[in-house]
Amino acid sequence: MSFLQSDHSFILNRYKNMLPVTADTPLVTLGEGATPLIKSTRLVEMIGLRELYFKAEFMNPTGSFKDRGMVLAVAKAVESGSRAVICASTGNTSASAAAYGSKHGLEVIVVVPEGRIAQGKLVQAIAYGAKIVSLDGSFDDALTTVRELCQKHPVALVNSVNSDRIEGQKTAAFEIIDDLGKCPDILALPVGNAGNITAYWKGFKEYFNLKRVEFVPELWGFQATGASPIVQNVVVKNPETIATAIRIGNPASWSQAIEARDASNGKIESVTDNEIMDAYSLLAKEEGIFCEPASAASVAGLLKNKLSGIDFSDKTAVCVLTGHGLKDPDVALQLKTTQLESSSNINSLEKALDWH
Ligand code: F0G
């Protein structure tokens, strides 16, 4: 079965020996994985690193890193005979589940926190034809409810508590090493439900155990200050942040995140919404990269460490940019912009631009 011309590049094929792919796993792809590692030209100097790269996970088919884990989780659900998949989501998981579910002809149910999901993500779930249920409560409440539902009904749960999601997502760590030819010293990423940090840690460890690399990176996770249960070491009942993707108060993979942090000699810290917005704007204006606010938490975290006096000058860092900026147009519209007034003739346009 062949779905793409460049079949060698899709992750279920490229990394099948490292994944629970069997002869019965349907190797369906939408072109996920093989995302670019973009070299920083300006922020690298601002932060004072030796090298800085952005892992452009927003270039996956539904615009977020979720597609790596989802392609495997949905394929395995099909392999085991499921006809329906379900997830709770702050938006990106639902878009991804909806896309892969529709590709396989499954029923997809997504449960999202009422009124708190970015518009671009909601329109994706609508377009792919998912059944959308909005729940009065937080993401954490939605996940609890969905987990209960899966105990009672024959439907596959495709949140990152499903180990196939983690397996698929770990391929991002393989790609970074395969592309760089080494491990970075630091991997910085946003932390919400903590599936991604768990998956990267698993991926780096597996390559290390196979002796493909000589060391593993320090994992530096960043939560939004208003949604920072791991940093505060307490469940946050009403998480709040402009970065709705990581508005999570009780991460399902909490203990795995702590393990990744400690075993990698890394850290999990918080960044404020203002710091997130500054990094979000800098990425777009200085690097030509438009990611969603949650993704910018990784860059905000490095900038914050720089300001607190950490010396990175001999380090190579990779920031994981998890989701596309177009997912959340409402936040982008809050950025300050210069509105030039002009009428439709050349003279008034020159005047408006101050080009005399
Ligand atoms: N960045 C983005 C853009 C996300 O959508 C998420 C999580 C994260 C970071 C955090 O990753 O949960 O593995 O620690 N989004 C989930 C969702 C919760 O439902 O789409 P994590």
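This dialogue walks through some features of a predicted model.

Me: What should I know before reading the model?

Reply: The model is predicted, so local features need pLDDT of at least 70 and side-chain atom pairs count only at pLDDT 80 or more, while totals for chains, interfaces and linings use all residues. Residues are numbered from 1 along each chain as its sequence is written, and side-chain values use heavy atoms, with hydrogens and water left out.

Me: Which domains does the chain have?

Reply: Domain bounds come from an automatic or database domain assignment. Here the assignment gives domain 1 (11-64 + 165-332) and domain 2 (66-162). Their centres, taken over C-alpha atoms, are separated by 22 Å. The contact (heavy atoms within 4.5 Å) takes 50 residues from domain 1 and 37 residues from domain 2.

Me: How do I read two packed helices?

Reply: Two packed helices are described by the angle between their axes and the distance between the axes. Helices (H or I, at least four residues) and strands (E, at least two) are DSSP runs, numbered from the N terminus. Axes are lines fitted to C-alpha atoms, for helices over the stretch in contact, and angles run from 0 to 180 degrees between N-to-C directions. Take helix 12 (residues 273-287) and helix 13 (residues 293-307): their axes come within 7 Å and cross at roughly 100°. The pair is therefore roughly perpendicular (65 to 115 degrees; under 35 is roughly parallel, over 145 roughly antiparallel, the rest oblique).

Me: Which residues make that contact?

Reply: Helix 12 gives E275, I276, A279, Y280, L282 and L283. Helix 13 gives P293, A296, A297, V299, A300, L303 and K304. Eleven of the contact residues are nonpolar, none polar and two charged (Ala, Val, Leu, Ile, Met, Phe, Trp, Tyr, Cys and Pro count as nonpolar, Asp, Glu, Lys and Arg as charged, and the others, Gly among them, as polar).

Me: Is helix 8 mostly covered or mostly open?

Reply: Buried means under 20% relative accessible area, exposed over 50%, partly exposed in between (1.4 Å probe, protein chains only). Helix 8 (residues 171-180) is mostly covered, with eight of its ten residues buried. Among them are F174, I176 and L180. G181 follows helix 8 and has a positive phi, near 80°.

Me: How many disulfides are there?

Reply: A disulfide is a pair of cysteine sulfur atoms within 2.5 Å. The whole structure has zero. For C150, the nearest cysteine sulfur, that of C87, is 9.8 Å away. C319 lies too far for a bond, because its sulfur is 9.5 Å from the closest cysteine sulfur, in C291. C319 is buried, at 0% relative accessible area.
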